[in-house]
Amino acid sequence: MAFTRATGKHRGASRAARTTRKFAGMATLAATGVVASVASPALAATSQTPAQDTGLQQAVVIGDELADRIEAQADAQHAAAEAAAAQAKAEAEAKRAAAEAERRVEAAEKKAKAEREAKERAAREAERKRLNTFVAPITGSYVSTGYKASSSLWSSGSHTGIDFHAASGTSVHAVGSGTVVEAGWGGSYGNNIVIKMHDGTYTQYGHLSSIGVSVGQTVTPGQQIGLSGATGNVTGPHLHFEARTGPDYGSDIDPIAYLRAHGVSV
């Protein structure tokens, strides 16, 4: 039996994009018996019911609605999938950015630590060099009386040190690092200071007008330890400087050679 659409009120033509889905829905409904079950009553009443109320029209309506629901569900699933993918991408990007920021912080901290350690090493090295450096006992002076010079002025008959020209009150410096072992009156040396140097030798500073250190005190190169003067057995103000192998009189060595061996030009 052939079916024809009624000429009365009926649904307009569907969108071209949905046509395939409608016929697919009809085929599905027909396969499951929906069209048959709906169409049977309509066929039985063909002589009394207008064409627009046929079961085929109802099947088309049902198929169209089912297609719409399927399309809506597919759209929703697609949107959910896109949202999930966007969220996963955002989370991955956030993790990557956090990891990169952490890497940069660690690199900056490592660089800062390396620079700090390098500065500390440089400072320690500079301090080590400074402590091992020797200087002249009087800045900008010169030797006025040499080592082993002969004269009746000295009880031994010769000069046991060297004299640096210096007006009274001139600053006297420790020539290197060491520990003060004597600071006070030294007989013919007047006010004198004896320092045990770090290399085990000794240096003496005599005829001082003022003493600025005490026994047991540690001194560094260039540190002021007193002021020059004319105390003791002298004919005028100057600094008497000795280099010794021991702390006592009679252990003197050539002070010019001693200072030059430690890098001091005199």
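The structure is a predicted model, in which local features need pLDDT of at least 70 and side-chain atom pairs count only at pLDDT 80 or more, while totals for chains, interfaces and linings use all residues. Residues are numbered from 1 along each chain as its sequence is written, and side-chain values use heavy atoms, with hydrogens and water left out.

Side chains of opposite charge can pair when their charged atoms come close. Here, a search of the whole structure returns 7 salt bridges (a salt bridge being a side-chain nitrogen of Lys or Arg within 4 Å of a carboxyl oxygen of Asp or Glu). Helices are DSSP runs (H or I, at least four residues), numbered from the N terminus. Both partners are partly exposed, Arg 103 at 46% relative accessibility and Glu 100 at 25%; the term covers values between buried (under 20% relative accessible area) and exposed (over 50%), found with a 1.4 Å probe on protein chains only.

Glu 125 is partly exposed at 31%, as is Arg 128 at 43%. A salt bridge also links Glu 127 to Arg 130, at 2.9 Å between the closest N and O atoms. Glu 127 has a relative accessible area of 34%, and Arg 130 has one of 35%. Because they are 3 residues apart in helix 3, Glu 127 and Arg 130 are separated by about one helical turn. Shared partners, in turn, join the salt bridges of Glu 100, Arg 103 and Arg 104 into one network.

Attention now turns to His 262, in the segment after helix 4 (255-261). His 262 is partly exposed, at 26% relative accessible area. Its side chain reaches the backbone oxygen of Tyr 258 at 2.8 Å. Beyond neighbours within four places in sequence, His 262 is in contact (heavy atoms within 4.5 Å) with Phe 134 and Asp 199. Thr 133 is 129 residues away from His 262 in sequence, yet their C-alpha atoms are 7.3 Å apart in space.

Methods: Helices (H or I, at least four residues) and strands (E, at least two) are DSSP runs, numbered from the N terminus. A polar contact is a pair of N or O atoms within 3.5 Å; within protein, one must be able to donate a hydrogen and the other to accept it, and residues adjacent in sequence count only if both atoms are side-chain atoms.
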